[in-house]
Amino acid sequence: MNLIRYVYCLFLFVQTIHPESAYARNILDAQDSKKHDVVVEIKLQNHLFSPAEIYVPAHKKVTLVIHNLDPTVEEFDSPPLKREKLLKSNSITHIILAPLMPGRYDFIGEFYQDTAKGAVIVEE
Amino acid sequence: MIKIALVIFREMLEISLILGIVSAATRSVKNSGVYIVSGIMVGFICSAILAFFITRLSSSLSGYGEEMIDVAIIMITVLVVGTMAIWIKNAGTKFNTQLGELSAQSDNSLYARIMLVLVVASTVFREGTEIVLFIHAIASAYTLESTDYAVGFVIGMTAGVGAALAISYGLTKIAIKYLFSLSFVLLSLVSASLASEAAGMLTALGVVDILNMPIWDSETFISDFSLVGRILKMLIGYNAKPNGLQVIFYFATLLFIYIASKLGAAKTGTFKGKGQNVKITR
């Protein structure tokens, strides 16, 4: 038990001296995401993403807020963005993207990929 | 119905690939089928539990929680599949050296059996949660046409199991000598590609922000979304725009497995020597 307590204290200590640690950043994101994030709302309905093309600035952290209005689960899949995440039915999913280089990053809904297609277009 | 079957089949393919290789290469383990089935069940139960927790979380939080669980699962799979590859390589060496003499003897080591269960369970767990959630959502969304979906599900599953059996059968058809080496190479590549996938996720999340620039871009030749790209991704971990960290993870995993298998082979070598001594004294 002492060891666990010790590790936890160490963990807290690291956070205070190093606010850029992953964990601290995580908390910051949750608190004031609007301050330094680009937040984009996307709707998924009838297996279609709208807007299907999302324009975001380069070198900025982006949060995609996907509202899945379908009664089915979907999987956000994008090899260019190197992300795969489940979008539960009738719910909201946040997908945080680290700053991106300019370019086009296609994504699909893996379960209904005939219709569920979109792209994040990063501009300078 | 066909759509459902396709989704299930696609999700099953990676499981089928690993199951096929593993079942072909572990025929020497006594009752290997029992351990494979137990592995599938353990993996399925774990998937169902994780799926339950995911549905319970009201809306996914804005943090990295889910992704970090994903990365952890992937890294565990890398470890287990890598260990399996090394074991198969050693079993192959052992098998070759004793061929004609002890070939009928089965491997009863506890280690081999536990690992067999683990490798199957972790593989099923990795993809299983998606399958469980997919089926759950469909089952709850379309209660009226449920038979249609049930049929689709059964077709998809059967096709997936069929693919695993086909891979397994195909592998047993090739000479024993190559079976182990080929299984070793395939599992090493799967392991390395999973490691690079985990690295990709870490950089994409921004958890790691070094070496996150793409090393090359082969999108124009083989797109990630094309069929060839998808098959290559499954087999060798193809990525059209891999970043530095992914490439390092990929080759470090391969190198590590290779070195570990060489160390194991050295041990098996002494085993072989002993075997020969026994033969002489006889």
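**Strand pairing in chain A and helices of chain B**

In strand β9 of chain A, A:V122 is the bridge partner of A:V56. The model is predicted. Strand β9 (residues 117-123) of chain A is joined by 5 bridges to strand β3 (residues 53-57) of chain A. These two strands run parallel. Strand β8 (residues 103-109) of chain A also pairs with β9(A), here in the antiparallel sense. That pairing extends over 6 bridges. Within β9(A), A:V120 stands opposite A:Y105.

Chain B contains 8 helices and 0 strands. Read from the N terminus, its elements follow the order α-α-α-α-α-α-α-α. The chain has 282 residues, and 41% of them are buried. Contacts in chain B were considered at a separation of 6 or more. Of these, 87% are between residues 24 or more positions apart.

Helix α2 of chain B covers residues 32-56, a total of 25 residues. At 1.5 Å a residue, the helix should span 36 Å. Several positions along α2(B) are buried. The buried residues are B:S32, B:Y35, B:I36, B:G39, B:G43, B:S47 and B:A51. Glycine occurs among them at B:G39 and B:G43. Serine occurs at B:S32 and B:S47.

Definitions and conventions: Residues are numbered from 1 along each chain as its sequence is written. Chains are lettered from A and ligands numbered from 1 in the order in which they are written. This is a predicted model: local features need pLDDT of at least 70, side-chain atom pairs count only at pLDDT 80 or more; totals for chains, interfaces and linings use all residues. Helices (H or I, at least four residues) and strands (E, at least two) are DSSP runs, numbered from the N terminus. The expected span of a helix is 1.5 Å times one less than its number of residues. A residue is buried if 20 or more other C-beta atoms lie within 10 Å of its own, exposed if 12 or fewer, and partly exposed in between; C-beta atoms are placed from the backbone. Two strands pair if DSSP finds at least two bridges between them. Two residues are in contact if their C-beta atoms, placed from the backbone, lie within 7 Å.
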